[in-house]
Amino acid sequence: MAELVSLTRQGAVAVITVNNPPVNALSPGVPEGIVECIEQVDADPAVRAAVLIGFGQTFIAGADIKEFGKITSGRKPRGDGLHPLLTRLENCSKPIVAAIHGTAFGGGLEVAMACHYRVAVLSAQVGQPEVKLGIIPGAGGTQRLPRLAGVAKAVEMCALGDPVRASDARDCGIVDAIVDGDGHDDLLRGAIEFSRQAGAKSGPPPKTRDRNEKLLDDGSHPAIFERARDMTARKRRGFLAPQKAIDAVEAATRLSFDDGLRREAELFRECLFSEQSKALIHAFFGERTVRKIPDVPLDTPLLDIRTAAVVGAGTMGGGITMAYLNAGIPVILQEASQPLLDRGLAAIRKNYERSVERGRLTRESAEQKMSMIRPALGYDGFNEADIVIEAVFESMELKKKVFAELDKAARPDAILASNTSTLDIDEIASMTRRPRQVVGHHFFSPANVMRLLEIVRGQQTSKTVLATSMALARRLRKVGVLVGNCRGFVGNRMFGPYRREAQFLVEEGASVREVDEALEDFGMAMGPLATGDLAGLDVGWRIRKEYRHLEPEGVRQPLLEDRLCELGRYGQKTQAGWYRYAEDRSRREDPEVEHIVEQVVERAKIPQRKISRDEIADRCIYALVNEGARILEEGYALRPVDIDIIYLNGYGFPAYRGGPMWHADTVGLRKVCERIREFEKQHGHWWKPAPLLEQLAAEGKTLAEWDQARSAKQSAQA
Ligand code: 3HC
Ligand code: NAI
């Protein structure tokens, strides 16, 4: 089937099939193609009803997101858009049944809701995820959804953007019937049967726009909207679109259908032209771009990962084990002694029990996951593992010893991965006879929750191991990003300067609260000092001690965290760090810290001044950007977007700012560079602008343009 949309007949039922792989997006040509088919359905006296279905794995997953960039950059969009299609569907004289498998998202659900009926297989999902792209439903979703699902459900779906399973969709009225079986063929069979019955009914087919019963206010509407606004302010702090989505659904309850559509269109355009939407669309495509490694073809053969072994059942080893179990991969979990092994297993069990208590997991499935762990003290059974992930203490000596042992215990074709956060992967690999099989898998804490996985490429890591690691990341429901083997890799290498500036700011006169709040107002999930407390201040302290000899002489170093650690204030784990912590982990400012700061500052004779919130945010964020630019120049990250995806998924950078490098492009590199030069004048050494930033600022270019030009050159050379 080469056409985007095709029409066939099964008796008196017409079947309109959308075939626009991979996700049947409503790209130019698709809406027009469906309209043509509807014209034929209407005109053909032998047809009593029609089914609208997607070819392949899915119904329509939405508008074509690539088209939005064309609209916002002033280019004329191709095609007629969605509204003529929706009107044509709704006005068809014969019933049209949307047959849903896979996902009916965004414009896909909007098309389905403009049909007269909807059926779905049980595995299907529906949703209005537009807010995740910084926009709102723009093809009637905010007006038709409350008419089908009720106001409360529509508000929730449009404001949060989370998908809804087919069974819930049926219960709330979005879907009329669930069809037996799974996949395209079962669905088509069931949908045709449903259409035959619908076609036999007399009278015009029902239009969603006329179904106003669920819009009637029984007095609950004000509370529904207020709750939704509170919830999104909390759960989607800083995001514009969710609030606009609520406004649009509210319009459905106050205006006629056509006026509601007009209001939706106004709000949609406001969102589409916002910086937030551009940033979130960048993040959407970025998450898919990072899967592509230029010199590792997408069809590189993969190793089969059926069993994993994890060495070390501490904080990370436990979380990594859970990530594997959750993906259905059994784990051999090894520790240095029986008590430590028992402690590790107990921590995993406790985590699962908490999920059971919260209703997120059944007791049986928690038990089933626990039964997939094979505890081990030595290396018995390691020859069954397809991959081993080492998560012992961060010590080169220890890691080398463990890798030498693993090289003997694991099968020669098994992957040996280290979860080190700072150490040299090549040095670790040198202890084995299979450096091609050695790779870094840098998980983030808690490893069963955090989505980021930095995949560290050693000098000899093979393409098969890299491709397998990327595929494995998806299986573990992580975002795998390839990084080079430098100290701290990408994420932590940039986090160093960011946290250094946060400390300097406190030493120069900002309060702990001011620093954290400035970054939280910028949109970071948590301020830099509170983040230090969460991770444990002692971790960095130990690393600094190990690397102190590498730091340049006579250069200002942050003093405060070392002092806090000397006083035993390691952060949340000791209930005191930059803040004091209650049992429930809530933080409060601690006068003792003020006192410690005063002493340190007095001793070091650091002049004190009032520092603005803007300066605090700029100092920390531009420290990230400057180091990020160096990393790009040195080739330790493949593209600016790789850095962005790392920061969005591992460091709580606000998604609506697109990541640090995208943010810098948005602000303008000239402005960023000027600010960095000011900081260099004031603070010296640490603020030398990265040459790449200086060059692009001088040329008036963005990092994105630099990246495009570079990859065009590389493809031309290839
Ligand atoms: N437009 C354009 N391209 C899209 C797309 C879309 N709506 N959805 C997915 N793609 C592309 C991806 O970029 C990827 O391209 P690549 O292979 O070149 O990298 C390819 O399709 C496959 O996508 P995934 O890798 O994400 O495939 P999965 O099978 O993992 O997931 C999915 C499928 C759940 C449909 C997921 O792609 C998704 O969530 N897509 C976005 C859905 C969405 O947001 N829809 C709303 C769009 S906005 C809208 O409809 C506005 C309307 O109200 C007017
Ligand atoms: P941890 O101290 O909680 O756990 C380490 C575990 O390894 C301990 O249980 C210890 O008994 C065990 N171990 C030590 N030697 C062993 C051996 N020879 N055989 C088997 N087990 C042994 O440390 P954590 O935090 O889990 O860190 C582990 C690794 O993960 C380190 O390399 C660290 O840098 C890295 N990492 C840590 C992160 C964090 O936030 N804690 C984040 C990302 C990476």
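## The surroundings of ligand 1

Ligand 1 is surrounded by 26 residues, of which the closest are Gly-107, Glu-110, Glu-130, Arg-288 and Lys-292; a residue is counted here if one of its heavy atoms lies within 4 Å of the ligand. This is a predicted model, in which local features need pLDDT of at least 70 and side-chain atom pairs count only at pLDDT 80 or more, while totals for chains, interfaces and linings use all residues. Residues are numbered from 1 along each chain as its sequence is written, chains are lettered from A and ligands numbered from 1 in the order in which they are written, and side-chain values use heavy atoms, with hydrogens and water left out.

Among the polar contacts (pairs of N or O atoms within 3.5 Å), a polar side-chain atom of Glu-110 is found 2.7 Å from an oxygen atom of ligand 1, and a polar backbone atom of Gly-107 is 2.8 Å from an oxygen atom of this ligand. A polar backbone atom of Gly-138 stands 3.0 Å from an oxygen atom of ligand 1. On its own, ligand 1 exposes 990 Å², and the protein buries 75% of that, with areas taken from the Shrake-Rupley method with a 1.4 Å probe. Helix H2 (65-72), strand E5 (103-105), helix H4 (107-114) and helix H12 (275-289) are the elements that each give two or more residues to this shell; helices (H or I, at least four residues) and strands (E, at least two) are DSSP runs, numbered from the N terminus.

## The surroundings of ligand 2

Around ligand 2 there are 23 residues, and the closest are Met-316, Glu-335, Glu-394, Lys-399 and Ser-421. An N or O atom in the side chain of Lys-399 is 2.6 Å from an oxygen atom of ligand 2, and an N or O atom in the side chain of Asn-419 is 2.9 Å from an oxygen atom of the ligand. The backbone takes part through Val-392, where a polar atom is 3.3 Å from an oxygen atom of ligand 2.

Taken alone, ligand 2 exposes 830 Å², of which the protein buries 82%. The elements giving two or more residues to the shell around ligand 2 are helix H13 (315-326), helix H14 (338-357), helix H16 (396-409) and strand E15 (438-443), and H16 gives the most, with three residues.

## A pair of helices

The axes of helix H25 (residues 613-634) and helix H26 (residues 640-650) come within 10 Å and cross at roughly 135°, the axes being lines fitted to C-alpha atoms over the stretch in contact, with angles from 0 to 180 degrees between N-to-C directions.

Conventions: A polar contact is a pair of N or O atoms within 3.5 Å; within protein, one must be able to donate a hydrogen and the other to accept it, and residues adjacent in sequence count only if both atoms are side-chain atoms.
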